[in-house]
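Try each task before reading its solution.

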Amino acid sequence: MDRLQAMTVFVKVVEVGSFSGAARLLNVGQPSVSKVIAQLEAHLGTALLLRSTHGLTPTDAGQRYYERAARIIEDAREADSLARGSGKELSGRLRIAIPTTFGRIHLVPQLGQFTARYPGLELDVQMDDRRVDLISEGIDMAVRIGRPEDTAVIGRCLARGRRSVMASPAYLEKVAAPSAPADLENHQMVLYAQGRQLRAAFTRDNDSQEVSLRSGLRLSAAEGIRAAVLSGQGMTIAADWMFAPELAAGHVQRCLPDWSLEAVELWLLFPAGRMVSAKVRAMADFVTEIVDGLQKAEP
């Protein structure tokens, strides 16, 4: 039995939670994964996994073995990099998940800089507005807008961004711009389909107002909301990041600029219980650089 290979298989099984999922990510057959785990348990003389109808979870011994094995695997990878000469030799696949619009505008155009720094890495970028399950989908790191609610991830808040009421000049030519939050009740709002934006709370100095939002158009993705707003179909409430190029060019205008809305948080997430590898740390540092630059550039 190849001990390092067995550790690699076991670590992947724990992180994914199933033999089939690990086999898919390792590009091997499920029987091969089952055989390796059986051999490893026989070698150690203890059960490493609890099998149930709900999937696989590590035993106490399995959790301790996982933590040490994951560290050994990452140490081995970093040792290979050091032997080749520098951190530029980071290699392998790095799978990240990012929101579609934020990624398209702010991250994807910059990825060439990252791949130039680490040419040995293969990036697999999943762009999706849904809340991706990091563990079951084999995601190493995710960027997410909004505070995470699931306990299967750990992370840190990268930034808190301004939210604004925004509309295109074409829309504001058809209707008078709102002068107070209450005016929004008479405007056509473009909102997310989830319906969580039916009310909005505004503050200014010691004044606060909560208003109802009327929407004849709800969309499930930020790209759709952008398209509707830019074509003059209505106004929306969104993070300034979402319309950064258009705000700079004057293709979108902020309405009610003297009023504040609750800020939106941008989070960097990692699967809970998994060692953060050198390549994940490198990508996390790179994303942090980009977000720091965005905050400095905000008017």
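This is a predicted model: local features need pLDDT of at least 70, side-chain atom pairs count only at pLDDT 80 or more; totals for chains, interfaces and linings use all residues.

Residues are numbered from 1 along each chain as its sequence is written, and side-chain values use heavy atoms, with hydrogens and water left out.

**Exercise 1. Check the length of helix α1 and describe its ends.**

Step 1. Helices (H or I, at least four residues) and strands (E, at least two) are DSSP runs, numbered from the N terminus. Helix α1 covers residues 3-16, which makes 14 residues.

Step 2. The expected span is 1.5 Å times one less than the number of residues. For α1 that gives 20 Å. The C-alpha atoms at its ends are 20 Å apart, so the two values agree.

Step 3. Look at the start of α1. A side-chain oxygen of D2 comes to within 3.2 Å of the backbone nitrogen of L4.

Step 4. Now look just past the end of α1. There G17 has a positive phi of about 90°.

**Exercise 2. Is α1 largely enclosed or open?**

Step 1. Apply the cut-offs: buried is under 20% relative accessible area, exposed is over 50%, and partly exposed lies in between (1.4 Å probe, protein chains only).

Step 2. Find the buried residues of α1. Among them are A6, M7, F10 and E15.

Step 3. Ten of the 14 residues of α1 are buried, so the rest of the structure largely encloses this helix.

**Exercise 3. Describe how α1 packs on helix α3.**

Step 1. Two packed helices are described by the angle between their axes and the distance between the axes. Axes are lines fitted to C-alpha atoms, for helices over the stretch in contact, and angles run from 0 to 180 degrees between N-to-C directions.

Step 2. For α1 and α3 (residues 30-44), the angle is about 110° and the axes are 9 Å apart.

Step 3. Angles under 35 degrees count as roughly parallel, over 145 as roughly antiparallel, 65 to 115 as roughly perpendicular and the rest as oblique. The two helices, α1 and α3, are therefore roughly perpendicular.

Step 4. List the contacts (heavy atoms within 4.5 Å). From α1 come R3, A6, V9, F10 and V13; from α3 come V33, V36, I37, L40 and H43.

**Exercise 4. Which residues does the side chain of R95 meet through polar atoms?**

Step 1. R95 is buried, with a relative accessible area of 16%.

Step 2. A polar contact is a pair of N or O atoms within 3.5 Å; within protein, one must be able to donate a hydrogen and the other to accept it, and residues adjacent in sequence count only if both atoms are side-chain atoms.

Step 3. The R95 side chain makes such a contact with the side chain of Q126, at 3.1 Å. A polar atom of the R95 side chain also lies 3.0 Å from the backbone oxygen of E137.

**Exercise 5. Is N27 buried or exposed?**

Step 1. N27 sits in the loop between α2 (19-26) and α3. N27 is not a glycine, yet has a positive phi of about 60°.

Step 2. Its relative accessible area is 70%, so N27 is exposed.

**Exercise 6. Where is H187, and which side chain does H187 join at 2.9 Å?**

Step 1. H187 lies in the loop between α7 (169-174) and β8 (189-192).

Step 2. H187 is buried, at a relative accessible area of 6%.

Step 3. The partner is Y171: a polar contact of 2.9 Å links the two side chains.
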